[in-house]
Number of protein chains: 2
Amino acid sequence: MIRHTVMFNLRHAKGSLMEKSFLRDADVLATIPGVRDFEKRCQVSGKCEYAFSFAMNFADQKAYDGFNTHPRHVAFVRDRWNKEVAKFLEADYEAL
Amino acid sequence: MIRHTVMFNLRHAKGSLMEKSFLRDADVLATIPGVRDFEKRCQVSGKCEYAFSFAMNFADQKAYDGFNTHPRHVAFVRDRWNKEVAKFLEADYEAL
């Protein structure tokens with residue numbers, strides 16, 4: 001299993017309608033085949049500069065590849081992520 | 001619930017006995033009261049500079065505080081983490 005995570009900051013003001021819109025509309029990612037356990041989280045540590053994080057699980061690399069190339073993912077990245085995200089850090093894990 | 005995560009790199013060579021020792025001995029963290037779902041993960045993304053990650057859940061801030069001040073956690077940080085970890089990034093999350 002691969003756990004895909006991304007921490008990010010938005011260009012929008014904290015608590016703004018644009019922020020709410022982005023976080024709500026990201027639910028489309030959970031509808032893509034292969035995505036399991038989709039989570040949206042906010043940062044509560046004062047030691048980390050990133051305000052939000054998404055996380056999801058994939059059964060294997062094939063499922064992850066299918067997500068990356070899925071039209072709904074490609075559209076979300078093109079139309080929302082690339083325009084509204086100021087900074088991000090991806091991390092993908094397998095259990096030790 | 002609070003999800004506490006930390007990404008890190010060790011000073012040890014990849015695949016070394018010292019690396020294995022650190023990752024094995026970190027299991028002591030899972031024995032501390034309040035720690036749930038302790039996970040040890042390795043990085044599989046080429047986009048992230050951190051090689052490893054630990055993650056765990058706490059029911060609330062009180063449980064998290066109890067972990068932070070627990071003698072086994074304090075000793076692990078003092079005797080192992082501070083000496084063997086080269087770089088790290090903590091992130092703590094609550095669900096949106």
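On the side of chain A, Arg41(A), Tyr93(A) and Leu96(A) supply 29% of what that chain buries against chain B, more than any other three residues. If you are wondering why an area opens this tour, the size of an interface is often given as the accessible area lost when the parts come together. Please keep in mind as you read on that this is a predicted model.

Let's stay at the interface for a moment. How many residues of each chain are in contact with the other chain? There are 22 in chain A, and they touch 22 in chain B. The two chains are also joined by ten residue pairs in polar contact, with both partners at pLDDT 80 or more. On the side of chain A that touches chain B, the residues divide into twelve nonpolar, three polar and seven charged ones. The count of salt bridges between the chains is two. Lys47(B) forms a salt bridge with Glu90(A), and the closest N and O atoms of that pair are 3.1 Å apart. As for where the touching side of chain A comes from, β1 (2–10), β2 (36–43), β3 (52–58) and β4 (85–95) of that chain each supply at least two residues. Which of these elements gives the most? It is β4(A), with seven residues.

Now step back and follow the strands themselves. Eight of them close into a barrel, with antiparallel pairing, and the order is β1(A)-β3(A)-β2(A)-β4(B)-β1(B)-β3(B)-β2(B)-β4(A). From one strand to the next, the twist averages 30 degrees. A handy place to look is Cys42(A), whose bridge partner in β4(B) is Glu94(B). The other crossing involves β4(A) and β2(B), which pair in the antiparallel sense over three bridges. There, Glu94(A) has Cys42(B) as its bridge partner in β2(B).

Strand β1 (residues 2–10) of chain B pairs with strand β3 (residues 52–58) of chain B in the antiparallel sense over seven bridges.

Most residues other than glycine have a negative phi. Is the phi of Asp37(A) positive or negative? Asp37(A) has a positive value, near 55 degrees, and its place is in strand β2 of chain A. In chain B, Asp37(B) also has a positive phi, of about 55 degrees, although it is not a glycine. Asp37(B) sits in strand β2 (residues 36–43) of chain B.

Phe38(B) is in strand β2 of chain B as well. Leaving aside neighbours within four places in sequence, Phe38(B) is in contact with Ala26(B), Asp27(B), Leu29(B), Ala30(B), Phe54(B), Ala55(B) and Met56(B). For a sense of distance, Phe38(B) and Phe22(B) are 16 residues apart in sequence, and their C-alpha atoms are 15 Å apart in space.

Over all chains, the salt bridges come to 18. One of them is formed by Asp25(A) and Arg80(A), with the closest N and O atoms 2.7 Å apart. Where in the chain do Asp25(A) and Arg80(A) lie? Asp25(A) belongs to helix α1 (residues 17–25) of chain A and Arg80(A) to helix α3 (residues 71–84) of chain A, 55 residues apart, and the pair links these distant parts of the chain.

How values were computed. Residues numbered from 1 in each chain as written. Chains lettered and ligands numbered in written order. Predicted model: local features only at pLDDT ≥ 70, side-chain atom pairs only at ≥ 80, totals over all residues. Heavy atoms only, no water. Pairing = 2+ DSSP bridges. Helix = DSSP H or I, 4+ residues; strand = E, 2+ residues; numbered from the N terminus. Axes fitted to C-alpha atoms, helices over the stretch in contact; angles between N-to-C directions. Contact = heavy atoms within 4.5 Å. Buried area = accessible area lost by both parts, 1.4 Å probe. Salt bridge = Lys/Arg side-chain N within 4 Å of Asp/Glu carboxyl O. Polar contact = N/O pair within 3.5 Å; in protein donor to acceptor, adjacent residues only side chain to side chain. Nonpolar A, V, L, I, M, F, W, Y, C, P; charged D, E, K, R; others polar.
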